[in-house]
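Q: Hi, I have a protein chain open on my screen and would like to go through it with you. Could we start with the overall picture and then move on to single residues?

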Amino acid sequence: MTEEQRKLLERINGYAESALGEIDPQKVQVSVQLEKLKPVMEEIAAERGMSIEDVFILYMDLQSEASCATNEKLKDSLQDINDGFDGGSPLLFR
């Protein structure tokens, strides 16, 4: 992920924190969540000369990439912990 992409992701996620507030993403339909993110995505689309659909796709790609990276870091951290076990029950990661 480039620095520019990271800044874009941070911008949208920062907006999401304020716009979505305390809603539970597991309980609120994705369409409702996206509607609340629409203003920042429209702003980015206008700045970059892109369609809002392209901004959405870019955001989803970057969010997935960030999620995978975070997941790998957690997996590596747990592996380090597991390596320290001397015959005890290791922590499992799926």
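This is a predicted model: local features need pLDDT of at least 70, side-chain atom pairs count only at pLDDT 80 or more; totals for chains, interfaces and linings use all residues.

Q: What share of the contacts come from residues 24 or more positions apart?
A: If we take the contacts in the protein chain with a separation of 6 or more, residues 24 or more positions apart account for 44% of them.

Q: Let's change topic to α2. Where does it bend?
A: Helix α2, which covers residues 30–48, bends by about 50° at lysine 38, and proline 39 follows within four residues of that place. Just after the helix comes glycine 49, which takes a positive phi of about 65°.

Q: Which residues of α2 are buried?
A: The buried residues in α2 are Gln33, Leu37, Val40, Met41, Ile44 and Ala45.

Q: Why is isoleucine 44 called buried?
A: Isoleucine 44 is called buried because its relative accessible area is 1%, while the cut-off for that word is under 20%. Leaving aside its neighbours within four places in sequence, isoleucine 44 is in contact with Leu8, Arg11, Ile12 and Val55.

Q: How far apart are the C-alpha atoms of isoleucine 44 and isoleucine 12?
A: Their C-alpha atoms are separated by 9.1 Å, although the two residues are 32 residues apart along the chain.

Q: Which members of the largest nonpolar core touch the most other members?
A: That core has 13 residues, and Ile12, Met41, Ile44 and Tyr59 are the ones that touch the most other members. The elements that give two or more residues to this core are α1 (3–20), α2 and α3 (52–83). As a general background, nonpolar side chains tend to be buried together in soluble globular proteins.

Q: What about arginine 48, is it buried, partly exposed or exposed?
A: Arginine 48, whose place is also in helix α2, is partly exposed, with a relative accessible area of 35%. Not counting residues up to four places away in sequence, arginine 48 touches Glu4, Leu8 and Leu58.

Q: One last topic, the largest pocket: what is its volume, and which residues lie nearest its centre?
A: The largest pocket has a volume of about 270 Å³. It is lined by 13 residues, and those that lie nearest its centre are Leu20, Pro25, Gln33, Leu37 and Tyr59. The elements that give two or more residues to this lining are α1, α2 and α3.

Q: Which of them gives the most to the lining?
A: Helix α2 gives the most to the lining of the largest pocket, with 4 residues.

Terms used:
Residues are numbered from 1 along each chain as its sequence is written. Side-chain values use heavy atoms; hydrogens and water are left out. The bend at a residue is the angle between axes fitted to the seven residues ending there and the seven starting there. Buried means under 20% relative accessible area, exposed over 50%, partly exposed in between (1.4 Å probe, protein chains only). Contact means heavy atoms within 4.5 Å. A nonpolar core is a set of buried Ala, Val, Leu, Ile, Met, Phe, Trp, Tyr and Cys residues joined through side-chain atoms within 4.5 Å. On a 1 Å grid over the protein atoms alone, a cavity is a set of points where a 1.4 Å probe fits but cannot get out, and a pocket is an open set with protein on both sides within 12 Å along at least five of seven lines; lining residues have an atom within 4 Å of a point. Grid points are joined across faces, edges and corners, and a volume is the space filled by probe spheres set on the points.
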